[in-house]
Amino acid sequence: DKEVEDESKLEYALTYTKKFEGKGHELVVDVRFQDNTEKESSDFKEIYYLSDNVPSSASDYFQRSNNEEGERRLITRLDYVKPFGENKKLEAGYQGSYRNIKNDYLVEEQITNNEWVVFDGLSNDFKYDEEIHAFYSSFGNKINKFSFQFGARVEYSDVVTELIQTNDVNPRDYLNFFPSAFLTYDLPQNNAIQASYSRRLRRPRFWSLNPFFTLSDARNRFTGNPNLDPEFTDSYEIGHIKYWDKGSLGSSIYYRHTTGVIQRVISDVQVVDSLVITL
């Protein structure tokens, strides 16, 4: 496999900070735009051998692939922080993400020295459009030896995948709520115990959704699944921390439960010795 890759990444950022009266009282607005392009081309050559490593009489097999991918992403973030006295603090904000990816993937195999034909089932134009809106807030305070922080995040996601050649459009949207809580209690001699709970999600990556992604050789290919949903994880943790003047030492135990786990599946398809890894 001889591969050539050309990749460029550009990012533009604009940040505005408004300071209000009072220490730590501020509003931050951040806008970022990313423009990434990637081109990959590979030449594959297979040589056939007998079981004793002696070259067989079969002709060498040639394939080639070309992948052109473009990604544009706009991220807007607004954060507001308002302290109340020495220990109380309110935080709230919004984050919006608009992402567009277009992936043109082509695989060909050589029939004669001057003739190449498209390899069936591995070539297509794939579009991915993602729009995410998230509102979040948290409040923290300390009362004597007890401190806490409670938070919540509401998130709406709208994802559309499309296969251009087959006109196969797959829209998906979901609204989710993510609470969190962090508790700390100070003990004598600079010790403290902590407990926390949080709920998170992990979205499938673009390559996990793309059904036309990569070819290793004639027998091994990797494809994604555009029907994947996100993973959701509930995390519980209890810990202890010891403070010194120049450092600290922490230990914890945790339990995490994940639903909708994304995993790889290996299967045989079409012909003997053909292997596909899917998600």
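A: **A residue and its surroundings**

Ala 13 touches Val 31 and Arg 32, when residues up to four places away in sequence are not counted (contact: heavy atoms within 4.5 Å). This is a predicted model, in which local features need pLDDT of at least 70 and side-chain atom pairs count only at pLDDT 80 or more, while totals for chains, interfaces and linings use all residues. Residues are numbered from 1 along each chain as its sequence is written, and side-chain values use heavy atoms, without hydrogens or water.

Ala 13 is found in strand S1 (strands, E, of at least two residues and helices, H or I, of at least four are DSSP runs, numbered from the N terminus).

S1 covers residues 2-19 and pairs with S2, residues 26-46, in the antiparallel sense over 18 bridges (a pair needs at least two DSSP bridges). Asp 6 has Lys 39 of S2 as its bridge partner, and Lys 18 stands opposite Leu 27 in S2. The hairpin of S1 and S2 has 6 residues between the strands, and there Gly 22 takes a positive phi near 100°.

S2 also pairs with S3 in the antiparallel sense, over 21 bridges. In that pairing Val 28 stands opposite Asp 79 of S3. Why does Gln 34 count as buried? Gln 34 counts as buried because its relative accessibility is 18% (buried is under 20% relative accessible area, exposed over 50% and partly exposed in between, with a 1.4 Å probe and protein chains only). Leaving aside neighbours within four places in sequence, Gln 34 is in contact with Leu 10, Glu 11, Glu 71, Arg 72, Arg 73 and Ile 75.

Asn 53 is found in the loop between S2 and S3, and its phi near 65° is a positive value in a residue other than glycine. Its relative accessibility is 63%, so Asn 53 counts as exposed. Asn 167 is found in the loop between S7 and S8, with a positive phi near 55°, again in a residue other than glycine. Asn 167 counts as exposed because its relative accessibility is 56%.

The spaces come next. The largest pocket has a volume of about 570 Å³ (an open set of points on a 1 Å grid over the protein atoms alone, with protein on both sides within 12 Å along at least five of seven lines; points join across faces, edges and corners, and volume is the space filled by probe spheres set on them). This pocket is lined by 33 residues (an atom within 4 Å of a point), of which Tyr 136, Arg 153, Glu 155, Phe 178 and Leu 201 lie nearest its centre. S3 (61-84), S4 (88-112), S6 (124-143), S7 (146-163), S8 (168-187) and S9 (191-202) each supply at least two lining residues. By class the pocket lining divides into 12 nonpolar, 9 polar and 12 charged residues (nonpolar: Ala, Val, Leu, Ile, Met, Phe, Trp, Tyr, Cys and Pro; charged: Asp, Glu, Lys and Arg; polar: the others, Gly among them).

The structure also holds 1 cavity of 30 Å³ or more (points where a 1.4 Å probe fits but cannot get out). About 80 Å³ of space lies in the largest cavity. Its lining includes Tyr 128, Glu 130, Val 159, Thr 161, Arg 172, Tyr 174 and Leu 209. S6, S7 and S8 each supply at least two residues of this cavity lining, which has 7 nonpolar, 1 polar and 4 charged residues.

Tyr 128, one of those cavity-lining residues, is in contact with Arg 99, Asn 100, Ile 101, Val 159, Val 160, Thr 161, Phe 206 and Leu 209, leaving aside neighbours within four places in sequence. Of the 18 residues in the largest nonpolar core, Tyr 128, Val 107 and Leu 215 touch the most other members (a core joins buried Ala, Val, Leu, Ile, Met, Phe, Trp, Tyr and Cys through side-chain atoms within 4.5 Å). S4, S6, S7 and helix H1 (206-209) are the elements that give two or more residues to this core, and S4 gives the most, with 3 residues.
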